[in-house]
Amino acid sequence: LQDLGVNSLEQLCINFANEHLQHFFSQTVIAQEEEEYSQEQLVWIPVSKTYSDSCLDFIAAKPHGILSILDDQTSLTQATDHTFLQKCHYHNGNSPWYTKPKLPLPVFTVKHYAGPVTYQVHKFLSKNRDQLRPEVLDIFSQSRLKVVSHIFQKAKAAYSQQRELGARGKELKPQTSTLVSKFQQSLQDLTGKLRRSNTFFIRCITPNPKKLSNIFDVGYVSCQLRHSGILEAIHIRKEGYPVRLPFQNFLARYGLLAGQRHNCLEEREGCAAVLSHVVGNPSDLYQIGKTKVFLKEKARQLLERRWKQRQSWAVVTLQRKFRYLLHRRRLRVLQEKVTIIQAHFRGYQARKHYRRLKKTWVQFNTVILISRSLIQRRKHCQVTALFSGAGDVGLLEIPAELAALLQLAERQHRAQAHQITEALPPEVKVKDDLSLPPTINSYPFSSFIKSNFQKTDFPAPGQPLQQPLTRLDAENQESALEINKLILRFIGDQNLHGWQEILLGNYIAGRGLNNVALRNEIFSQVVAQTWKNPDMEHSQRAWVLMATLLSCFAPSPALEKPLLKFVSDHGMEGYNAVCQRKILTAAQHTEIDSTFSRAYPPTQLEWTANQRRGKMVLDIHTFSEEKFSAEVESWMTGEQYAGWLLSTRGCDKKPRGWSVSMFTGNTWQDLLGCDFVLDLIGEME
């Protein structure tokens, strides 16, 4: 398509020829597509009528096409360019392919297949007459060049014939040959030759208007593709099945996607098996012809994606098997050479470690006996300074026993800091078969407050208690107030770091493990700190402490359902589900003995899981050299854990008497079936 700054009759003829050739190109492509579908015995879906059809009729149709009007006006002696334009406006003003100017200008616009083009009618009629003077015809017909002489002799003969027809009488109007009629006749001759030929189409695309290297102008190239009709040809091809592969090539590429069964099938059946397995059957994304497979682009992409996945899986499998073989060989050689070295070195290390421990223990006992009171005062001052800076909460005193633990725990924390990592979802998950009791709504926390609290209201968050919340014996009241100060420091002290927070929380949990009478008081104090606490960070710490306490001991039967109702209704997002599950699983163990609890405070694994509101996963190794990850819970015993793992491994009968062991360093730590799995880790920590 040609669109210049000023478009005249020459551009109209050129664009009309391009419309004609584009129409011929589209029809040829459609005919080739239909022929290929017919050869493959497939159902041909007719393509919608192309754009050029109606535009060609509009330009060349008789009697009111633009070219017909131009020829008629050319034959009239009194016609002008303005009368030609008015005729076009009158007959084609309502045509979708024609646009009149908004202002009274000598122009009109034609909507071609590649876009609208505006033409100026100046000298349209004079250019269409295309009459050469007789003297010019005589000069060129006598040229020595045979080609030039032959062309102008024909033109001279035609001119003479017109003169003879015009001389027959005034009543008979001479029939002049116009430029447009000659151009149409020439275009019809060209189209006829193309239809009789075996046609190939070549489109040349220029990357940029200046024809420079290494420069790709996207807008310029897109305009060429649209104007040359390539986009329309692509649209025609895309309406059908653009990807076509012979059966042999298709099976060579994608045959492995159907497994080994395609080897015993015919080629067409093998292709059908592959497509049915990958794409599905029936599907409008493909058709199977007589010798080829016809695919939509979406089906080809799906096949390619499956093919790449299969190749990657095969490579990884080969690598895994080969590496396994190499490691097995190397392991056998190393085991034979290392065993003797290990025996001698372990003996030497054990004797050296024993002598060092014995000497250190004697020195430590001597120092403690001499300066026990001085050490206690110094540790108390150090811990008070460590926790200072958090306002009134940071000034609350802590027991000397906790101060000593804080002094000694930093080295141990650094050694265990990197033993807990984030993991992928476990291969074996815990069965989610717990549900809230149907009567849970009948046990609001206010019912427990009325029957067990000394006062019927909560203290303000962050304020120390003057007396315990629940009714306690005189011997436990002082311990309850001491625990309240520890809870306030855990929740409100901003200077607490990770390991200090864990140690302080485990100390609070340890007080509850050692004294059953304080457990309801501890839970009540934590609930008081979560109730309408405006500080989100303090509230989150309180819920972490609540989840940690529920990991090692359970509330009494009187508090169990009110506390479950409270965490269900008022728990922070994520912590409500964690606390619900811990209360429900703990209730399964406390049905017989309400004072039943864990042997050790929560482990670092439980702390990390509670802080992140996640789940806990352990790496399980079997004696058959298998390894897999399995989810574990705080209230899971060794017999439950082992039996659950065996049931997931295919053991139908209910396994009893099984348990798990832990390998730490060079020794095995065994666990009784009635003991809790995480107590095994807690004992090590």
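Let's call it a contact when heavy atoms lie within 4.5 Å. One more bit of housekeeping: the model is predicted, so local features need pLDDT of at least 70 and side-chain atom pairs count only at pLDDT 80 or more, while totals for chains, interfaces and linings use all residues. Residues are numbered from 1 along each chain as its sequence is written, and side-chain values use heavy atoms, with hydrogens and water left out.

**Exercise 1. Work out where Ser8 sits and what it touches.**

Step 1: Find its place. Ser8 belongs to the segment before helix H1 (9-39); helices (H or I, at least four residues) and strands (E, at least two) are DSSP runs, numbered from the N terminus.

Step 2: List the contacts. Leaving aside residues up to four places away in sequence, Ser8 touches Tyr119, Gln120, His122, Phe124 and Lys127.

Step 3: Look for a polar contact, meaning a pair of N or O atoms within 3.5 Å; within protein, one must be able to donate a hydrogen and the other to accept it, and residues adjacent in sequence count only if both atoms are side-chain atoms. The side chains of Ser8 and Lys127 make one at 2.9 Å.

Step 4: Ser8 has 8% relative accessibility, so it counts as buried (under 20% relative accessible area; exposed is over 50%, partly exposed in between; 1.4 Å probe, protein chains only).

**Exercise 2. Is Val430 buried or exposed, and which residues does it touch?**

Step 1: Locate it. Val430 is in the loop between helix H15 (400-416) and helix H16 (445-452).

Step 2: Read off the area. With a relative accessible area of 17%, Val430 is buried.

Step 3: Collect the neighbours. Not counting residues up to four places away in sequence, Val430 touches Arg581, Glu631, Glu633, Met636 and Trp644.

Step 4: Compare sequence with space. Val430 and Glu633 are 203 residues apart in sequence, yet 8.3 Å apart in space, C-alpha to C-alpha.

**Exercise 3. Sort out the sheet that holds E4, E5 and E6.**

Step 1: Get the order. The three strands form an open antiparallel sheet, E4-E6-E5; two strands pair if DSSP finds at least two bridges between them.

Step 2: Find the edges. E4 (243-246) and E5 (286-288) each have a single partner strand, so one side of each is left without a neighbour in the sheet.

Step 3: Inspect one pairing. Four bridges join E4 to E6 (residues 292-295), and Val243 stands opposite Leu295 in E6.

**Exercise 4. How many residues of helix H3 are buried?**

Step 1: Count over residues 66-74: eight of the nine are buried, so H3 is mostly covered.

Step 2: Name some. Among them are Ile66, Leu67 and Asp71.
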